[in-house]
Amino acid sequence: MPRRQRPWARSVLRRSLIVGITILALAVYGLVAAGGQTIATRTTAASAIGTASQLSVSLATSPTNNSVNVAARGPNNTLLFYWEVGGTWYGPLGLGGANTTYSAPSIVAEDSGNFDIAVQGPGNTIYFYWDASGTWYGPLQVGTAGATFSTPSMTIDADGNLNLAAQGPSNALYAYWNTGATWYGPLGIGGANSTFSAPSATYADINVGTVEVYAIGPNNDVRNWDRSHQTGQWSGPHEWSNDQQGYSVPSGYKQDAMVQGPNHSLFNTVGFAELNQVGTAGSAYSAPSFVSGFTQSDSRVTVQGPSHSL
């Protein structure tokens, strides 16, 4: 659906995963910076690990047909899109032209099967792209210039509305939200010197109804902010770990987070009282990518290991 933008409201106001997969050997292609662009069925040159996407990618799975869809930062700060149909990969489709994309993208899948992508754009902005029945639109600038200093993180709340979080100036934390096809924000939910990483935004679940945001705090601690579904109010920061426990962008899912810990270890945290070491020292050399089921026993996490292993 289209997303219009109006002047910012500075008062109160499914899943977003950034996963390490990349595409090898891009074909020569034309990039389109704005307007509608329809998906074509062009097979990718390859679907193995490579370098052309600059190792900045994000993945989402369609709830309507379980197809895998990938957004990637391409050469010359472009935005590329790849999609899988029946086990065959297609793309790249150029969504953003040269010098439109200055971070890893964040992609989410709507219940309708449409997709949305947000990136850090030029001038420390947020650029937003959306898909309607296979046709892509954008970029639309969300928020003001000079307000975004990290990869944005996007999730969908209980009402089906998009929610964005990004590190702001002076290590602040900013939130944006989309209601009735209109974007609002930035709203400062974390003050100056509260946020020292890109955030990870996620939706708790239908029972809890909160939007959860995780980031690293000033003392290498994991911090959490949450927005109530009932009131729309943000609360936090809540300390989710001891000091000197967080050394990467956290990866949050529902009310749970994974983070690279001290000495290249891996920690899982569910609130301050529940901090569990998942990987031993020397096992984690990147931010993790995390998805959790209803119990810890069906959680999954991937991370770069020693000697560039996975």
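Author: Happy to! One term before we start: two strands count as paired if DSSP finds at least two bridges between them. Also, keep in mind that this is a predicted model.

Reader: Got it. What is the order of the strands in the open sheet that has E15 in it?

Author: That open sheet has 4 strands in the order E15-E16-E17-E18, and their pairing is antiparallel.

Reader: And which strands stand at the edges there?

Author: Strand E15 (200–203) and strand E18 (234–239) do; each has a single partner strand, so one side of each is left without a neighbour in the sheet. On average, neighbouring strands of this sheet are turned by 20 degrees against each other, direction ignored.

Reader: How many bridges are there between E16 and E17?

Author: There are 6 bridges between strand E16 (residues 211–216) and strand E17 (residues 222–227), in the antiparallel sense. Across that pair, Val-211 stands opposite Arg-227 in E17.

Reader: Switching topic: is strand E14 mostly covered or mostly open?

Author: Mostly covered: in strand E14 (residues 182–190), 7 of its 9 residues are buried. Strand E13 (residues 173–179) runs antiparallel to E14, joined by 6 bridges, and Leu-173 stands opposite Gly-190 in E14.

Reader: What about Gly-180, in the hairpin of E13 and E14?

Author: That hairpin has 2 residues between the strands, and Gly-180 takes a positive phi near 60 degrees.

Reader: Nice. Last one: what order do the strands take in the open sheet with E3?

Author: The order is E3-E4-E5-E6, again 4 strands with antiparallel pairing. Strand E3 (57–61) and strand E6 (88–96) stand at the edges. E3 is joined to strand E4 (residues 68–74) by 5 bridges, with Leu-59 opposite Val-70 in E4.

Methods: Residues numbered from 1 in each chain as written. Predicted model: local features only at pLDDT ≥ 70, side-chain atom pairs only at ≥ 80, totals over all residues. Heavy atoms only, no water. Axes fitted to C-alpha atoms, helices over the stretch in contact; angles between N-to-C directions. Buried < 20%, exposed > 50% of the residue type's maximum accessible area, 1.4 Å probe, protein only.
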